[in-house]
Amino acid sequence: MIDGKQVERLLDGCFYAKKLTETLPPLPQGVQQRQNFVLQEVYRITNRQGFCRVSDIAHALNTSMPSITRMVGDLERRGFLRKKTDPRDKRVVLVELMAPGLLYVRRSHAFHQEWAENIDGITEQDVETVIRALQKLRQAMPEKLPDLDDYEQND
């Protein structure tokens with residue numbers, strides 16, 4: 001069991017990780033970080049199963065269908081994705097990367113690969129440990145701040 005000081009250290013690590021992500025190469029103009037996740041998922045899902053449904057993206061990103069639908073529509077208007085009806089089931093919307101979207105995802109993967117080649121001393125187990133710790137941290141986060149009147153001032 002960890003204490004409050006260790007939680008503070010974890011949050012310091014999260015802040016450092018956020019700062020690290022801010023040094024990544026810029027996203028294409030007008031593309032937001034959450035839309036980057038959509039592009040990456042379309043690529044992964046399509047490579048895994050040969051097609052990608054809007055619902056697959058929502059499930060993979062644990063995000064609502066209306067939110068994913070809006071992001072997909074915006075990315076389609078920008079020319080990164082194309083929506084089409086599934087010929088086997090007209091109710092299903094399929095999504096595919098267009099040339100600019102595919103180029104962006106491939107450049108992103110190349111950057112990640114080059115970065116990985118420069119990292120020494122971090123194992124796959126280390127990566128999985130960090131991910132699990134962050135997931136546990138998020139799950140355990142209180143929904144609201146405690147009432148400070150319930151605590152004695154010890155500072």
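## Salt bridges around the strands

Glutamate 76 and lysine 83 form a salt bridge in which the closest N and O atoms are 3.8 Å apart. Glutamate 76 has a relative accessibility of 28% and therefore counts as partly exposed, and lysine 83, with a relative accessible area of 34%, is partly exposed as well. The model is a predicted one, and these values, like those given below, should be read with that in mind.

A further salt bridge joins the side chains of glutamate 96 and arginine 82, at 2.0 Å from N to O. Side chains of opposite charge can pair when their charged atoms come close.

## Aspartate 86 and its surroundings

Which residue forms a salt bridge with arginine 88? The partner is aspartate 86, and the closest N and O atoms of the two are 3.3 Å apart. Arginine 88 is exposed, with a relative accessible area of 64%, whereas aspartate 86 has a relative accessibility of 6% and so counts as buried. Elsewhere, salt bridges that share partners join Lys18, Lys19 and Glu22 into one network, and the count of salt bridges comes to 11.

Aspartate 86 has its place in strand 1. When residues up to four places away in sequence are not counted, aspartate 86 touches Val92 and Leu94. Aspartate 86 and phenylalanine 51 are 35 residues apart in sequence, and their C-alpha atoms are 9.6 Å apart in space.

Asparagine 62 follows helix 3 and is found in the loop between helix 3 and helix 4. Although asparagine 62 is not a glycine, it has a positive phi of about 50°. Is this residue buried or exposed? With a relative accessibility of 72%, asparagine 62 counts as exposed, because the limit for that class is over 50%.

Aspartate 74 lies in helix 4, which covers residues 65–77. The relative accessible area of aspartate 74 is 18%, so this residue is buried; the limit for that class is under 20%. The side chain of aspartate 74 makes a polar contact with the side chain of glutamine 35, at 2.6 Å.

## An aromatic pair and a nonpolar patch

The structure holds 1 aromatic pair. The rings of phenylalanine 111 and tryptophan 115 have their centres 5.8 Å apart and their planes at 50°, so the pair is tilted. Phenylalanine 111 and tryptophan 115 are 4 residues apart in helix 5, and therefore about one helical turn separates them. Each of the two is partly exposed, phenylalanine 111 at 32% relative accessibility and tryptophan 115 at 34%.

Phenylalanine 111 and tryptophan 115 also take part in a nonpolar patch on the surface, which they form with Leu20, Ile119, Ile122, Val127 and Ile131, and the accessible area of these residues together is about 570 Å². Helix 5 (99–118) and helix 6 (124–140) each supply at least two residues of the nonpolar patch. Isoleucine 131, one of the patch residues, is found in helix 6, and this isoleucine counts as partly exposed because its relative accessibility is 37%.

Terms used:
Residues are numbered from 1 along each chain as its sequence is written. This is a predicted model: local features need pLDDT of at least 70, side-chain atom pairs count only at pLDDT 80 or more; totals for chains, interfaces and linings use all residues. Side-chain values use heavy atoms; hydrogens and water are left out. Buried means under 20% relative accessible area, exposed over 50%, partly exposed in between (1.4 Å probe, protein chains only). A polar contact is a pair of N or O atoms within 3.5 Å; within protein, one must be able to donate a hydrogen and the other to accept it, and residues adjacent in sequence count only if both atoms are side-chain atoms. Patches are made of residues with over 30% relative accessible area and no salt bridge: like charges are joined within 9 Å, nonpolar side chains (Val, Leu, Ile, Met, Phe, Trp, Tyr) within 5 Å. Accessible areas come from the Shrake-Rupley method with a 1.4 Å probe; for residues, only the protein chains shown count as cover. A salt bridge is a side-chain nitrogen of Lys or Arg within 4 Å of a carboxyl oxygen of Asp or Glu. Rings of Phe, Tyr and Trp (its six-membered ring) pair if their centres lie within 6.5 Å; planes under 30 degrees apart count as stacked, over 60 as edge-to-face and the rest as tilted. Contact means heavy atoms within 4.5 Å.
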